[in-house]
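These are my notebook entries on one chain. I set down below what I looked up, entry by entry.

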Amino acid sequence: MARFLDRASETMIARYAIRKVLKLGVDEDSINIRDWHRITRFVKEKGNSIVKLKKGMYYCGFCGKGPFTRRGIYLHLLRVHLDEVLDAILE
Ligand SMILES: [Zn+2]
C-alpha cells in the first residue's frame, strides 16, 4: 500500500512528524504543504498519545516501552513503529 510516493518519502514524513511531536528541530523545506497540513493535524490531535512523558522520561504510546531519553524514544518510534505513525498521520 503506497500511501505516499515511496518508502523513502514515507520514512521522511514519519521522521518529520516524530521530530515535531518531540520538539526536535526539523527542516521545514523537506515537506510539501499537503503533508505539512496532515502532520500538523497529527501532532495536535495525536502527539500526546504516541509519546508519554513521565518525570522527564519518555515512554512509547504504542507498546509502553521505556523509559527513554528524547533521542531514545525518537529512534524507537522510527525503528519499531514507523507504519503505525504513518497510519496515524493518514487516519
Ligand atoms: Zn514502542
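**Entry 1: helix 3 and its cover.** The model is a predicted one, in which local features need pLDDT of at least 70, side-chain atom pairs count only at pLDDT 80 or more, and totals for chains, interfaces and linings use all residues. Residues are numbered from 1 along each chain as its sequence is written. Helices (H or I, at least four residues) and strands (E, at least two) are DSSP runs, numbered from the N terminus. I take two residues as in contact if their C-beta atoms, placed from the backbone, lie within 7 Å.

Entry 2: I counted a residue as buried if 20 or more other C-beta atoms lie within 10 Å of its own, exposed if 12 or fewer, and partly exposed in between, with C-beta atoms placed from the backbone. In helix 3 (residues 70-80), Ile 73, His 76 and Leu 77 are buried. Viewed down the axis of helix 3, these buried residues fall within an arc of 95°, so they line one face of the helix; the arc is that of the directions from the helix axis to the C-beta atoms. An α-helix has 3.6 residues a turn, so residues three or four places apart point the same way. Arg 71 and Arg 79 are exposed residues on the face of helix 3 turned away from its buried side.

**Entry 3: helix 1 against helix 2.** The axes of helix 1 and helix 2 come within 9 Å and cross at roughly 50°. Helix 1 is therefore oblique to helix 2, since angles under 35 degrees count as roughly parallel, over 145 as roughly antiparallel, 65 to 115 as roughly perpendicular and the rest as oblique. Axes are lines fitted to C-alpha atoms, for helices over the stretch in contact, and angles run from 0 to 180 degrees between N-to-C directions. From helix 1, Ile 13, Tyr 16, Ala 17, Lys 20 and Val 21 meet Asp 35, Ile 39, Phe 42, Val 43, Gly 47 and Ile 50 of helix 2.

Entry 4: I found Cys 60 in strand 2. It counts as partly exposed, with 19 C-beta neighbours inside 10 Å. Beyond its neighbours within four places in sequence, Cys 60 is in contact with Lys 65, Gly 66, Ile 73, His 76 and Leu 77; Ile 73, His 76 and Leu 77 are the buried residues of helix 3. Gly 61 lies in the loop between strand 2 and helix 3. Is Gly 61 buried or exposed? Gly 61 is buried, with 21 other C-beta atoms within 10 Å. Residues up to four places away in sequence aside, Gly 61 touches Ser 49, Ile 50, Val 51 and Lys 52.

**Entry 5: backbone exceptions.** Most residues other than glycine have a negative phi, and most peptide bonds are trans. I noted a cis peptide bond between Gly 66 and Pro 67, with omega about 0°; Pro 67 sits in the loop between strand 2 and helix 3. Lys 23, although not a glycine, has a positive phi of about 60°. Lys 23 is in the loop between helix 1 and helix 2 and is exposed, with 10 C-beta neighbours inside 10 Å. Lys 55, not a glycine either, has a positive phi of about 50°. Lys 55 is in the loop between strand 1 and strand 2 and is exposed, with 5 other C-beta atoms within 10 Å.
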